[in-house]
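Trainee: Could we go through this model together? I would like to understand the terms behind the labels.

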Amino acid sequence: MNQATTRGRPGSLTLRMMVCVTLAIVLCLLLIRAVVERSIHFHFMEQDTKDLQALKTSIEQVLRRYGDEPDNLQSLLNQAVSSRQGQSYAISDGRGHVLYSAPGPETEPLLQRLASVPEIMPERLASWEQGNRSFRSASSISTINGQELVLSVAMDMSFHDSFMRELRGTLWAVTLGAGLLTLAVVWVALRQGLAPVRELSASIRGIRSDRLQTRLDPAAVPGELAELVESFNQMLGQLDDSYSRLAHFSADIAHELRTPLTNVITQTQVALGSARSAEAYRELLHSNLEEIEHLARMVSDMLWLAKADRGLLIPAFERLDLAAESRSLLEYFEVLAEERQIQLELQGSTQLIRGDRPMVRRALANLLSNALRHAPESGCVTIRLAREGPQVSISVENTGEGIPAEHLHRIFDRFYQVDPSRSRHGEGSGLGLAIVHSIVSLHDGELHARSENGLTTFTITFPVPQDREESHRPVTSVPA
């Protein structure tokens with residue numbers, strides 16, 4: 001069970017977007033509601049400040065005008081306040097004794113909210129509750145007729161509370177309705193917005209293995225999906241190329257295996273058709289053995305490439321001297337070169353790399369074998385060693401008929417033939433260059449081929465070891 005299956009399927013895009021939009025809408029509407037309530041609250045505070053300041057002014061005017069008539073002062077003060085519904089007052093001296101008060105809330109809470117300011121301001125207002133009613137009050141010290149008095153005024157906030165309760169109910173209803181309407185619009189918009197994705201999925205679903213050449217049109221989808229379509233087209237191209245290579249590879253395998261098998265079957269049938277001598281049977285067995293060994297080499301090479309493709313081959317890196325390895329291989333191929341009068345040469349200086357010795361020797365042996373096979377009699381095969389900046393290069397060059405330019409980029413494909421009319425029997429499994437390419441890739445190197453002016457050159461570049469102590473000892477040419 002993979003990790004994705006363990007975690008479960010991710011939520012749908014529509015659900016994710018709806019959740020995000022819902023949270024955004026709720027936060028925005030709650031913010032709007034809080035701003036509206038706060039604005040109305042401050043508006044009421046400013047209005048109450050003006051009303052309380054007006055009440056205080058009226059009381060001060062009565063005190064200044066009728067302060068010398070204490071017997072009638074209470075009734076005069078009550079008359080001044082009677083026109084102001086829900087408002088009350090309390091007047092006390094500096095020692096806290098209440099001199100005058102209007103019917104309404106208890107005067108003690110009023111006297112406890114003393115503020116030594118000449119004018120009543122919104123930030124100096126005090127709110128308090130008594131019974132089931134709430135009040136807002138303010139106090140200030142005034143000097144009237146030479147006497148310092150504390151004027152405390154209050155007003156009933158029942159109307160404000162009732163209005164705020166109705167407002168909150170209305171805001172909640174509007175908030176809920178606006179939220180639901182917005183979510184409905186967003187859901188429809190998401191459905192319409194994701195319609196191109198559904199159409200794209202339907203188009204992708206219609207692509208089968210026999211229609212890998214199909215390409216989607218990036219201009220037919222919204223700009224946000226154009227990059228996805230281009231990536232998908234690129235993947236289709238790679239799949240088409242890989243599928244074609246696999247089909248050709250399967251056909252090539254069948255062809256390459258059929259030829260030696262046919263030879264073995266035909267020779268065996270002919271031999272069994274009539275009585276033959278022991279020597280004839282011995283020759284037949286030798287011939288069949290060659291064909292079977294050829295099949296065995298081909299199967300072995302295919303298994304090696306399969307392991308390389310799956311990452312099962314891990315190089316055992318060690319310090320290698322390319323000059324010493326090349327000299328050893330030239331000695332091995334010397335007899336074959338002498339038979340065809342081909343001259344072998346090694347040029348350059350000693351170069352050290354980090355690599356897997358059997359793999360590197362196999363890659364160089366495949367290149368040398370390929371060069372000797374295609375070099376003409378009395379031709380020349382040369383190995384050149386060089387240092388190119390942070391890389392070490394080794395080139396295998398042979399004279400003779402070159403490789404056409406249109407085939408150079410495909411010669412590392414498995415079983416690829418520059419001249420399909422030529423038989424590969426006796427010339428190897430047809431996988432040598434593909435194996436070289438895999439080995440070079442395992443060593444983080446590069447492989448290039450060049451063919452011009454009667455010279456064909458295969459060049460491998462390896463990275464230079466970081467801790468390398470380089471020495472350049474000249475290497476003299478090694479004749480065949």
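Predicted model: local features only at pLDDT ≥ 70, side-chain atom pairs only at ≥ 80, totals over all residues.

Trainee: What makes asparagine 288 count as buried?

Mentor: Buried means under 20% relative accessible area, exposed over 50%, and partly exposed in between (1.4 Å probe, protein chains only). Asparagine 288 has 8% relative accessibility, so it counts as buried. This residue lies in helix 8. Leaving aside neighbours within four places in sequence, asparagine 288 is in contact (heavy atoms within 4.5 Å) with Val264, Gln267 and Thr268. Of the 480 residues of the protein, 38% count as buried.

Trainee: Why are helix 8 and helix 13 called roughly parallel?

Mentor: Helix 8 (residues 278-309) and helix 13 (residues 432-442) pack at an angle of about 30°, and their axes are 10 Å apart. That angle makes helix 8 roughly parallel to helix 13. The cut-offs are under 35 degrees for roughly parallel, over 145 for roughly antiparallel, 65 to 115 for roughly perpendicular, and oblique for the rest. Axes are lines fitted to C-alpha atoms, for helices over the stretch in contact, and angles run from 0 to 180 degrees between N-to-C directions.

Trainee: Which residues of helix 8 and helix 13 meet?

Mentor: From helix 8, Asp301, Trp304, Leu305 and Ala308 meet Ala434, Ile435, Ser438, Ile439 and Leu442 of helix 13. By class, this contact has seven nonpolar, one polar and one charged residues. Ala, Val, Leu, Ile, Met, Phe, Trp, Tyr, Cys and Pro count as nonpolar, Asp, Glu, Lys and Arg as charged, and the others, Gly among them, as polar.

Trainee: How do you know that helix 5 and helix 6 are roughly parallel?

Mentor: The axes of helix 5 (residues 158-193) and helix 6 (residues 195-205) cross at roughly 30° and come within 4 Å. Helix 5 and helix 6 are therefore roughly parallel to each other. Arg191, Gln192 and Gly193 in helix 5 meet Ala195, Pro196 and Arg198 in helix 6. That contact divides into two nonpolar, two polar and two charged residues.

Trainee: What span does helix 5 reach from its first C-alpha to its last?

Mentor: Helix 5 has 36 residues and reaches 51 Å, close to the 52 Å expected at 1.5 Å a residue. The expected span is 1.5 Å times one less than the number of residues. Buried residues of helix 5 include His160, Met164 and Leu167, and its buried residues pack against helix 2 (13-66) and strand 4 (133-144).

Trainee: Why is aspartate 444 called exposed?

Mentor: Aspartate 444 has a relative accessible area of 66%, so it is exposed. Aspartate 444 lies in the loop between helix 13 and strand 11 (446-452), and has a positive phi of about 60° although it is not a glycine. Most residues other than glycine have a negative phi.

Note on methods
Residues numbered from 1 in each chain as written. Heavy atoms only, no water. Helix = DSSP H or I, 4+ residues; strand = E, 2+ residues; numbered from the N terminus.
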